[in-house]
Amino acid sequence: MIGMTDFGFKIHKDQLLDQDRPNVAYKEMIEKVPSLSLCISCGSCTATCNSSEMTGMGFRKLHLYLKTGLYVNLKRGLKYCQYCGKCWLVCPRGVNTRKAIVEMKRIFEIYKT
Amino acid sequence: MESFFVIPFTIGLIFLIISLTASYIRWFMALRIKNKVRLKKALSIKWLVVSLVEVFRECLLHIRIFKVNKRLWYMHMSLAFGWFLLILAGHIETISKTGTFFASPYKAIFLDFYTRGHLETGWSVTGFNYIMDILLIFVLSGLFLAIYKRFNAKLLGVGKTANHSSTDKVALAFLWLVFPARLIAETLNHTFYDGGGFFTGFLGNLIYLQENYNFLSNAAWLFYSSVLGGFFILLPFSRYMHIFTEIPHIFLKNANIEVLHDDGITNFQVHACSSCGICLDTCQMNVKTGLMGQSLYFLRNLRNGKKPKENSIMNCLMCGRCKQVCPVQVDTLSIRMNERNRMNGKMNYDFSYLDEASWPAFQSRIVFFGGCMTRLTPAIREAMKKIFMLTGEDFIFIDEYEAICCGRPLLLSGQYEAFREIVNRTRRRILDCHPALIVTTCPICLNTFKNDYYFQIPVVHHSQYLNSLIKEGRFIPQRNGVKTVYHDPCELGRDLGIYSEPRKVLDSLVYLQNKDYKAGDGLCCGGSLADLELDVEEKMQIARETIEQIVTNDTQQLTTGCPLCKMTFQMAGLYPVKDLAEIYAESMITLPVEKITANMKIRNYSNMPVNR
């Protein structure tokens, strides 16, 4: 059997999608931003992102971190957002990315004290 | 004692005065120190005179509504100015009859009750009776229009009317009853006791009742007094608070007091809003009304002490059309920004990665800042590059790689601290090139550069730059006959007042169909970055409505000066859309190279418009 690992890809155990894992934060996000469920992780958002050019973070990754529960990475990534809205404009599925980012910022309480 | 009926009125009046004084003192104390200093510095005779004239023009004559809609103006003016004149004439009549200057308020208002049976004659008595009757008819005509507006608003030229809260409706009922109550009271007064003018006296004579029914007259006076008192008690809790709050609002406004980040002045402005609905008529948010995000409902929720919901605060294009038409000049945008700051102002950010960016920082005469939106529209970017190259300019395209935002989207979402941080970085990045001129193709960036960056060098929109090229004879335009309509971007037109330059440029390139414009009347494309609630489909609906309103039946293409508007219109997909830079660059190719290179020289940018 030939697997993807044979071509130099790695499997990140913590980034595996597991639909059975309970994820309260994701549920809350879907309630607030229903269009988030349309995301197909195509990566258009990351391709246009100002900060992904320099940090490697993009909306696709933020969404993935939210889904898999990697909240530490998510919090780090949210801080880099310049909020220009290009990800919203290029999204082929019409995900309201800007609202999703503000709501994520609010849920994960990364306010300055 | 028959005159006990004045008690409801007196209680209402005393409550009103105490309530207003307490509110105004509280709000004034909440003013920021900066604004208090501004007010102190503004105190002068000129300020006083200008403000008093404005109070007379706006609180009573409603000149700004006159400019919007004449029938609506008559309704408002007859109620406000008519009532004022009624009070004024009543007091003058009282002074002339009693001989004392300071009569009690109830003496003046219920004068006909107190002069019952004193059958005086003479030109002054008859004259006053006539004047009072004319004024009452004047007010009642306005009242008739106001009632009619509830059934058929179209006749008064209003498309959408406000849906008022229950408190407002009760207060409205009291207000509407005031004048009929006065009419009834005067009429019955003149039925039993002679006198009265041509109207109330005549009506009084029409009715014949026996002498022992004269308790009806007293009851009518009591009713009138109660209605007035009830209205006064409801006034501080309803939209009719605007009647008195507009006066301090005008004085503060003329002292150049800023609304941003100030709760005190916000309170004054919120209560000065009359919920008249003129802003509702111009608001483009027809597609999503359920959230009550429109300025009228937003301000009403603030006024009632109900905190507006998060999504109603964010459901606004911030196009500024409501601010433009507001007859009270409430700074709706700043009040909304205050709320957004309160919500999102302290959110965390980390832009330290921008320090490691390796942008090219060599010295250039022109810094061309495309902005985020221009990165998504490469046609504009390439067109501008071509224009710079063909005119031999020493330019640098500063955000071609490792782009940085101007910060306005952060500002509009309320993340003020993050905004200041990114402004510092972008500013440093631009000034590292020591430019003589900054050109941007994005009105959103231009607005931020002009208002928040405090550059000492001229910052221009590309339409202004291209216009200067044409004016200096550096470029001879080749005109073609494509029928084009120009769309005014909100930030370029309403915010910065740049209307003529893009039109001049386009007029020399294509057949421009809308050469005439009305300042401040532009429509939003719907793609505004300020809104967080609209779906793609709803934005497209706004875009289509806007396109429908600006095109004519033989339009061939749309132009605009904003990459975001261009993208939104393209997505709506009714007409081909081009930025004016593209049209400019296209016509440039048709010129012979010798002509272009003939007068390449180092230009002086000192005549460009500097910051405001």
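Predicted model: local features only at pLDDT ≥ 70, side-chain atom pairs only at ≥ 80, totals over all residues.
Let's start with chain A. How many helices and strands does chain A have? Seven helices and zero strands. Read along the sequence, the pattern is simply α-α-α-α-α-α-α. Chain A has a radius of gyration of 15 Å. The globule rule gives 13 Å for 113 residues, and the two values are close, so chain A is as compact as a globular protein of that length. Along the principal axes, the C-alpha trace spans about 50 × 30 × 30 Å.

Now look inside chain A. Buried residues are 40% of its 113 residues. Next, take the contacts between residues at least 6 apart in sequence. Of these, 63% join residues at least 24 apart.

One helix deserves a stop. Find helix 7 of chain A, residues 97–107. Is it enclosed or open? Eight of its eleven residues are buried, so helix 7 is largely enclosed by the rest of the structure. Which residues of helix 7 are buried? They are A:Thr97, A:Arg98, A:Lys99, A:Ala100, A:Ile101, A:Val102, A:Met104 and A:Lys105. Notice that the list includes A:Arg98, A:Lys99 and A:Lys105. After helix 7 comes A:Glu109, and its phi is positive, near 50 degrees.

On to chain B. Here we have 30 helices and eight strands. The C-alpha atoms fill a box of roughly 105 × 50 × 45 Å along the principal axes. Of the 612 residues in chain B, 45% are buried. Take contacts with a separation of 6 or more again. In chain B, residues 24 or more positions apart account for 76% of them.

Chain B is divided into four pieces. Domain 1 covers 3–30 + 62–237. Domain 2 is 263–343. Domain 3 is 352–461, and domain 4 is 468–598.

Let's see how domains 3 and 4 of chain B meet. Their centres, taken over C-alpha atoms, are 21 Å apart. In the contact, 22 residues of domain 3 meet 24 residues of domain 4. Which helix gives the most to the domain 3 side? Helix 20 of chain B, with seven residues. Helix 19 (371–375), helix 21 and helix 23 (443–452) of chain B each supply at least two residues to that side as well. By class, the domain 3 side has 14 nonpolar, six polar and two charged residues.

Look for four strands of chain B in the order 6-5-7-8. The sheet is open, and the pairing is parallel. Where are the edges? Strand 6 (511–512) and strand 8 (577–579) of chain B each pair on one side only. Here is the general idea. Strands of a sheet pair through backbone hydrogen bonds, either parallel or antiparallel.

Now the pairs in detail. Strand 5 (residues 483–487) and strand 7 (residues 557–560) of chain B are joined by four bridges. Two partners to click on: B:Tyr486 goes with B:Thr559, and B:Thr484 goes with B:Gln557. On to the next pair. Strand 7 and strand 8 of chain B run parallel, with three bridges between them. There, B:Leu558 has B:Val577 as its bridge partner.

How do the two chains meet?

Last topic: the cores. In soluble globular proteins, nonpolar side chains tend to be buried together. In this model, the largest nonpolar core has 108 residues. Which residues have the most contacts inside it? A:Leu62 is one of them, and so are B:Val367, B:Phe368, B:Ile438, B:Phe569, B:Ala581 and B:Tyr584. Zoom in on B:Phe368. Leaving out residues up to four places away in sequence, B:Phe368 touches B:Met384, B:Phe388, B:Phe395, B:Ile396, B:Phe397, B:Ile398 and B:Val439. Apart from this core lies another, of 38 residues, including B:Leu143, B:Leu183, B:Ile184 and B:Phe232.

Key:
Residues numbered from 1 in each chain as written. Chains lettered and ligands numbered in written order. Rg over C-alpha atoms; globule rule 2.2 N^0.38 Å. Buried ≥ 20, exposed ≤ 12 C-beta atoms within 10 Å, placed from the backbone. Contact = placed C-beta atoms within 7 Å. Core = buried A, V, L, I, M, F, W, Y, C linked by C-beta atoms within 7 Å. Domains from an automatic or database assignment. Nonpolar A, V, L, I, M, F, W, Y, C, P; charged D, E, K, R; others polar. Pairing = 2+ DSSP bridges.
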